[in-house]
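Colleague: I have a new structure open and could use a quick tour. Can we go through it together?

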Amino acid sequence: MSETTAIVIGGGVAGLATAALLGRENYKVTLVERLDSVGGRSGEETIDGYRFDTGPSWYLMPDAFDRFFALFGKRTEDLLDLVDLAPAYRLFPENDEPVDVFSGRKEAIALFDSIEPGAGASLANYLDSAADAYDMAVEHFLYTTFSSALPFLSAPLRRRARDLARLLTVPLDKFVDSRFSDTRLRQILQYPAVFLSSHPQRTPSLYHLMSHTDLVQGVKYPQGGFAAVVNALAGLAEDNGVDIRLGADVNAITYSGDRATGVRLVGGEQITADIVVSAADLHFTETRLLPPSKRSYDEKWFGARDPGLGTVLVMLGIDTKLSQLAHHNLLFSEDWDSDFDAVFDGPVASRPLDASRSIYVSMPSATDPSTAPPGCENLFMLVPVPAAADFGHGDLYQAESSPAVAAVAHAAVDQLAQWCGIEDLREHITVMRTLGPSDFAERYRAWSGGSIGPAHTLRQSAFLRGRNVSKKLRNLYYAGATTVPGVGVPMCLISAENVLTRVLEPRS
């Protein structure tokens, strides 16, 4: 009996995870990746002894990792060395003192009470609701292919219909603001919208479940950074017989009738397979790898949707220690609604992109000394900007930064120095590299230069986000942050499991 073959396009987290699962099911899997390393947006670069993650840096939803690794008979601790971060993150509010946020229900309630008397009780209720929403999402909305409406007609969801409708239609900012008055507390609870590539005003309050992941489940860090996660996934894929081909750039998905037959690489080589899974950006897959007659989603469909956040990433090597910063740091401006408006609706004269804004700064060397030379620090800064493929390049993979990216990066460095009390920061920078939206568009084929994936608005959540199987080619599947269930490394792992479920459905 001949082996069933599969091709997976893209060697990011979703591609590696999907390939590993198919290999476990005894498929003969070939994974093709156009770059010279796996990881995709979860990349790593070493410059002058500084090792930078160039993508994800928050380890959230540990249960998703535990579940995925258990499918291979592994415990997470068998594959990753996780460290609990304390504090989980440090908040630098504009014109106010820093606030350390520690994970744990009791700790979070005490913090909220200390900032706004009485807010602790409100947070207790909020976290109860967040835990309930998280459990509901895991049970009904994440690990599903949306191939049938029957699960959504079940008695538990019918009983929750009114609550669910409210959580889907009330935006996150209003949901939070009605419960808390202090700007800092509101921002702590609304900032997870950034992890969803979204605007708090456009994010359904169902996603307040994210506060369960950081304030209750806790924030961890895998020693070695997210490169360690990628290496673990690549190891599982190889252990299950996956052939990983680097430098293999796909320029077409081949087909016959209503079935995909494989892929054609740049240069003309064709690889045939019984099933094809694209873990590449969905927009690129549909509009560049398929002809119009075989597209499930055309340009008109994408034109009516929100590509989410663009980002300028700034990687800094610092030749001294920085006691002012924790591992994760959040700089929040007082007028952060304008920050989000500038990103999602475009900058205006009163709010240029190189103004002070709400930014994220990671200093992994606080936890992982291997990321920087002795006595030095490694900084990774994420500055939200519009998702626009022509916004500009950084200088990590280009000879120099574009003016727009350079302006945003330098403004962010100055803001960090001023807000965090590191006046001589520029004197200690020995390495500075940047990435911009144009890098994401070209290097990762990201739709509109988005860095995280399509925003989690109501119209782009659950089954409204799209399908993980082609409508035109029966054996073409989709995985990754640009399809269901959504953005982020845990979601990419879940998407891989959902693809496997979809592949096996005809045999079930």
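This is a predicted model: local features need pLDDT of at least 70, side-chain atom pairs count only at pLDDT 80 or more; totals for chains, interfaces and linings use all residues.

Colleague: Is T54 buried or exposed?

Modeller: T54 is buried, because its relative accessibility is 1% and the cut-off for buried is under 20%.

Colleague: What is T54 in contact with, leaving aside its neighbours within four places in sequence?

Modeller: The contacts of T54 include R41, G43, E44 and E45. L313, M315, F380, L396, L435 and Y444 touch T54 too.

Colleague: Let's zoom out. Which domains does the assignment give?

Modeller: Domain 1 is made of 5-42, 225-304 and 455-504. Domain 2 covers 105-213, and domain 3 covers 307-444.

Colleague: How many Å separate the centres of domain 1 and domain 3?

Modeller: Their centres, taken over C-alpha atoms, are 30 Å apart. In the contact, domain 1 supplies 7 residues and domain 3 supplies 7 residues.

Colleague: What area is buried between domain 1 and domain 3?

Modeller: About 540 Å². Carbon and sulfur atoms give 51% of that area.

Colleague: Which residues of domain 1 lose the most area to domain 3?

Modeller: L35, R41 and A455. Together they make up 61% of what the domain 1 side buries.

Colleague: And how many salt bridges cross the interface of domain 1 and domain 3?

Modeller: The rule finds 0 salt bridges there. Between domain 1 and domain 3, 1 residue pair is in polar contact. On the side of domain 1 that touches domain 3, there are 2 nonpolar, 2 polar and 3 charged residues.

Colleague: New topic. How many salt bridges does the rule count?

Modeller: The count comes to 22 salt bridges. One of them joins the side chains of D249 and R34, at 3.8 Å from N to O. D249 is in the loop between β9 (243-246) and β10 (250-256), and R34 is in the loop between β2 (28-33) and β3 (44-47), so the pair ties together parts 215 residues apart in sequence.

Colleague: Which residues are linked with D249 in a network of salt bridges?

Modeller: R34 and R445 are linked with D249 in a network. R34 itself is partly exposed, with a relative accessible area of 30%.

Colleague: What does D96 pair with?

Modeller: D96 forms a salt bridge with R184, with the closest N and O atoms 3.4 Å apart. D96 lies in the loop between β6 and β7 (99-101) and R184 in helix α9, so the pair ties together parts 88 residues apart in sequence. D96 is partly exposed at 40% relative accessible area, while R184 is buried at 18%.

Colleague: And what about E269?

Modeller: E269 forms a salt bridge with R245, and their closest N and O atoms are 2.9 Å apart. E269 is in the loop between β11 (259-265) and β12 (270-272), and R245 is in strand β9, 24 residues apart. E269 is partly exposed at 39% relative accessibility, and R245 is partly exposed at 27%.

Colleague: Switching to the backbone. Which peptide bonds are cis?

Modeller: Among them is the one from A86 to P87, with omega near 5 degrees. P87 is in the loop between β5 (82-84) and β6 (89-93). The bond from V484 to P485 is cis too, with omega near 0 degrees. P485 belongs to the loop between β19 and α18.

Colleague: Where is F146, and what is its phi?

Modeller: F146 lies in the loop between α5 (119-142) and α6 (155-159). Its phi is near 55 degrees, a positive value in a residue other than glycine. Most residues other than glycine have a negative phi. F146 is buried, at 16% relative accessibility.

Colleague: What about S197?

Modeller: S197 has a positive phi near 60 degrees. S197 sits in the loop between α10 (192-195) and α11 (210-217). S197 counts as buried, at 0% relative accessibility.

Colleague: Last stop, helix α15. Which of its residues are buried?

Modeller: W336, D339, F340, A342, V343 and F344. The buried residues of α15 pack against α9 (183-190), α10, β14 (309-318), β15 (328-332) and β17 (377-386). Just after α15, G346 takes a positive phi of about 100 degrees.

Key: Residues are numbered from 1 along each chain as its sequence is written. Side-chain values use heavy atoms; hydrogens and water are left out. Domain bounds come from an automatic or database domain assignment. Contact means heavy atoms within 4.5 Å. Buried area is the accessible area (1.4 Å probe) that two parts lose on being put together, summed over both. A salt bridge is a side-chain nitrogen of Lys or Arg within 4 Å of a carboxyl oxygen of Asp or Glu. A polar contact is a pair of N or O atoms within 3.5 Å; within protein, one must be able to donate a hydrogen and the other to accept it, and residues adjacent in sequence count only if both atoms are side-chain atoms. Ala, Val, Leu, Ile, Met, Phe, Trp, Tyr, Cys and Pro count as nonpolar, Asp, Glu, Lys and Arg as charged, and the others, Gly among them, as polar. Helices (H or I, at least four residues) and strands (E, at least two) are DSSP runs, numbered from the N terminus. Buried means under 20% relative accessible area, exposed over 50%, partly exposed in between (1.4 Å probe, protein chains only).
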